[in-house]
Amino acid sequence: MIVALIIACEIGFWVILAGGLALRYLARMPRAGVAVLLCEPLLEVVLLVATAIDLRNGAEPDWMHGLAAVYIGFTAAYGHYLIRWADGHFAHRFAGGPPPVKPPRYGMARAVHEWKMSARAIGAAAIAAGLLQAAIWYVGADGSTTSLVAWQQRMGFVVVIALIIAASYTIWPKQAPAEVVSTPGREEARGVAGNDRERLGR
């Protein structure tokens with residue numbers, strides 16, 4: 001049941017996102033669109049309550065409950081970012097808005113961008129680890145929490161990987177390709193033309 005609910009929440013997220021943006025830009029109902037988009041966190045609340053009820057009814061904690069905590073954590077950390085990204089593209093495509101700003105590709109600007117993305121990943125892992133710890137306390141010493149602890153360890157790996165990626169762009173920043181000038185400058189072209197005239201006796 002938990003896995004099916006996670007899938008339903010993921011589908012619901014994109015349905016709410018599409019519906020909210022359609023109301024905002026296609027139907028010209030911005031307030032209604034914002035109201036629909038604000039319903040998105042309710043999906044995580046429903047999943048959280050359903051998981052807690054399942055554990056309360058005596059279900060043995062397993063990988064599904066851990067996955068639910070991880071899903072909630074990453075949706076909470078990345079949900080606003082995805083909505084803002086989709087809003088920019090939708091506004092550009094259907095409402096004449098400016099083209100979405102692309103992330104920087106080179107230099108320290110790219111490193112700063114990677115640190116921001118890593119911060120989101122770390123925040124998601126922290127939320128998930130906190131929910132997992134709450135589930136461990138909720139189950140108590142009498143229940144098996146091995147799978148929940150294993151998910152916490154995976155969140156630690158996520159933090160380490162995020163830090164390594166961001167640090168790599170800081171230590172070895174990606175350089176922009178060198179521009180190749182294929183045509184001579186105006187003054188140089190004039191000089192070449194003058195030399196040619198002198199050789200021809202003109």
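Accessible areas here come from the Shrake-Rupley method with a 1.4 Å probe, and by that account the chain exposes about 13,000 Å², of which carbon and sulfur atoms supply 67%. The model is predicted, so that local features need pLDDT of at least 70 and side-chain atom pairs count only at pLDDT 80 or more, while totals for chains, interfaces and linings use all residues. Residues are numbered from 1 along each chain as its sequence is written, and side-chain values use heavy atoms, with hydrogens and water left out.

Along the sequence the chain reads α-α-α-α-α-α-α, with seven helices and zero strands (DSSP runs numbered from the N terminus, helices being H or I of at least four residues and strands E of at least two). Of its 202 residues, 29% are buried, that is, under 20% relative accessible area with a 1.4 Å probe and protein chains only. Among contacts (heavy atoms within 4.5 Å) between residues at least 6 apart in sequence, 75% join residues at least 24 apart.

The axes of H3 (residues 40-56) and H4 (residues 63-94) come within 10 Å and cross at roughly 160°, the axes being lines fitted to C-alpha atoms over the stretch in contact, with angles running from 0 to 180 degrees between N-to-C directions. That crossing makes H3 roughly antiparallel to H4, a term for angles over 145 degrees. On the H3 side, Glu40, Glu44, Leu47, Leu48, Thr51, Asp54 and Leu55 meet His65, Ala68, Tyr71, Ile72 and Thr75 of H4. By class, this contact of H3 with H4 has six nonpolar, three polar and three charged residues (Ala, Val, Leu, Ile, Met, Phe, Trp, Tyr, Cys and Pro count as nonpolar, Asp, Glu, Lys and Arg as charged, and the others, Gly among them, as polar).

Definitions and conventions:
Parallel < 35°, antiparallel > 145°, perpendicular 65-115°, else oblique. Buried < 20%, exposed > 50% of the residue type's maximum accessible area, 1.4 Å probe, protein only.
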